[in-house]
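Trainee: Before we look, I would like each label tied to its cut-off.
Mentor: Then ask about the labels in turn.

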Amino acid sequence: MTTSEFDSYRPPEEPRRRRRRDRPGGQQKADGRDSTGSPGQGNRRRRSGLAPSTSDGGREMAMVPEPQFSDTSAHSYYGRPIVKAPPWDERVAAYLVCGGIAGGSSLLAFGAQLTGREVLRRNTRITALAAAGVGAVALVADLGRPERFYNMMRTVKLSSPMSLGSWVLAGFSTGAGVAAAADVDRMLGEKLPLGPLRGMLRAVEGPAGGLAALLGAPLAGYTAVLLSDTAMPTWNDAKDDLPFVFVSSASIAASGMAMITTPVRETAPARALAVLGVVADVVATRFMEARMDPVAVEPLETGRPGMLMTWSERLAIAGGIGTLLGGRHRVVAALSGAALVTASAFTRFGVFYAGKDSARDPRYTVEPQKRRLAARRRAGITDDSITTVR
């Protein structure tokens with residue numbers, strides 16, 4: 001290898017100036033005392049809690065005491081939370097609820113389309129479109145400016161739940177809108193001013209309903225991925241099971257809306273989905289909480305989120321029993337459907353509030369991290385950037 005004279009060149013360094021360590025009025029002695037017998041600078045440094053200088057000449061650093069967290073602790077260093085809660089309010093929680101209703105309703109609508117249940121198909125299509133519209137309005141209102149939603153549509157980023165969710169919402173709304181428009185036109189006696197577009201609408205009605213059904217499950221569950229992709233301790237710790245909770249919650253919400261809006265003679269698929277959804281929802285929620293860290297799960301079991309999650313399970317079970325025993329009676333079916341819709345809303349609001357609450361107390365961040373670190377050390381994982389050997 002060829003080298004030049006610049007490879008070995010080093011600029012000259014100025015000699016360091018040594019500071020005088022002797023105190024005024026006396027010389028520093030080897031035992032740390034000056035000539036007057038008082039402690040010198042070295043002893044003062046040790047008594048003040050400062051670490052001694054490193055061998056390579058590094059600056060002396062102050063020793064920071066180990067932080068102590070209690071059950072009532074709300075902040076960490078400098079009075080700030082360790083993680084910052086997202087600035088989302090109840091409009092985002094409403095979007096979570098509407099996404100579940102819309103996604104589940106599109107699946108019921110497609111089933112009704114295949115089995116010839118015209119009233120159930122029409123009502124669930126309209127429900128899906130209305131829920132998607134309300135959810136989109138709530139999302140845009142939380143973003144502050146509509147152009148922020150448009151900016152998310154400029155690219156497709158497979159690693160971003162927000163990017164994929166925006167495209168899922170747009171595709172779902174298109175399919176659900178076309179399918180619902182065809183049913184609304186029939187309900188009004190073909191009085192909509194469609195002209196020659198009516199024939200085209202009839203031709204694409206079926207594929208549009210299929211598209212909405214295909215994107216229904218991703219719409220109902222992607223919001224769980226979106227929440228768990230954040231640094232909020234409770235949301236992140238539930239990342240493996242929260243999508244199942246949201247999808248099962250969406251099924252009971254959609255079936256409940258169908259039982260409210262549709263005569264019982266056509267709600268047999270909705271009743272079957274309601275009973276299965278209740279079982280899946282209760283099991284998935286219990287399984288998720290059992291697998292979470294005992295500290296990270298606390299926000300789901302205490303305070304306002306705990307109350308919402310408790311009543312969600314109670315209402316889901318009550319709605320499931322009412323559907324199973326009296327679902328063929330119109331009033332009982334409507335009341336059971338209302339209980340199921342409320343249970344689904346309580347689940348999503350409870351999860352939403354729990355995640356935000358977990359960001360306010362450093363215990364929910366620090367203690368699970370310590371347990372994960374200890375588990376990695378016990379497993380012998382010591383050669384990465386996370387685990388170090390002490």
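**Labels and their cut-offs**

Mentor: Leu219 sits in helix α6, where helices are DSSP runs (H or I) of at least four residues, numbered from the N terminus. This is a predicted model, in which local features need pLDDT of at least 70 and side-chain atom pairs count only at pLDDT 80 or more, while totals for chains, interfaces and linings use all residues. Residues are numbered from 1 along each chain as its sequence is written, and side-chain values use heavy atoms, with hydrogens and water left out.

Trainee: Why does Leu219 count as buried?

Mentor: Buried means under 20% relative accessible area, exposed over 50%, and partly exposed in between (1.4 Å probe, protein chains only). Leu219 has 2% relative accessibility, so it counts as buried.

Trainee: Is Leu158 buried or exposed, and how do you know?

Mentor: Leu158 has 71% relative accessibility and therefore counts as exposed. Leu158 is placed in the loop between α4 (146-152) and α5 (161-187).

Trainee: What makes Val156, Leu158, Leu164 and Trp167 a nonpolar surface patch?

Mentor: Patch residues have over 30% relative accessible area and no salt bridge; nonpolar side chains (Val, Leu, Ile, Met, Phe, Trp, Tyr) are joined within 5 Å, like charges within 9 Å. Val156, Leu158, Leu164 and Trp167 make a patch of about 410 Å², with areas from the Shrake-Rupley method and a 1.4 Å probe.

Trainee: What makes Arg91 and Asp89 a salt bridge?

Mentor: The rule asks for a side-chain nitrogen of Lys or Arg within 4 Å of a carboxyl oxygen of Asp or Glu. The closest N and O atoms of Arg91 and Asp89 are 2.7 Å apart, and the pair is a salt bridge. Arg91 is partly exposed because its relative accessible area is 36%, and Asp89 is partly exposed because its value is 24%.

Trainee: How many salt bridges does this rule give?

Mentor: The count comes to 17 salt bridges. Arg121, Arg125, Asp183, Arg186 and Glu205 are linked in a network of them.

Trainee: Why is the pair of Arg202 and Asp185 said to tie parts together?

Mentor: Arg202 and Asp185 form a salt bridge, with the closest N and O atoms 2.9 Å apart. Arg202 lies in helix α6 (residues 197-228) and Asp185 in helix α5, so the pair ties together parts 17 residues apart in sequence. Asp185 is buried because its relative accessibility is 0%, whereas Arg202 is partly exposed at 24%.

Trainee: Which parts of the chain does the pair of Asp240 and Arg291 link?

Mentor: The closest N and O atoms of this salt bridge are 4.0 Å apart. The pair links Asp240, in the loop between α7 (233-237) and α8 (242-261), with Arg291 in helix α9 (residues 268-291), 51 residues apart. Arg291 counts as partly exposed at 48% relative accessibility.

Trainee: Why are α2 and α3 called roughly antiparallel?

Mentor: Axes are lines fitted to C-alpha atoms, for helices over the stretch in contact, and angles run from 0 to 180 degrees between N-to-C directions. Under 35 degrees counts as roughly parallel, over 145 as roughly antiparallel, 65 to 115 as roughly perpendicular and the rest as oblique. The axes of α2 (residues 90-115) and α3 (residues 118-143) come within 7 Å and cross at roughly 160°; α2 and α3 are therefore roughly antiparallel.

Trainee: What about α2 and α8?

Mentor: α2 and α8 pack at about 65°, with their axes 7 Å apart; they are therefore roughly perpendicular.

Definitions and conventions:
Helix = DSSP H or I, 4+ residues; strand = E, 2+ residues; numbered from the N terminus.
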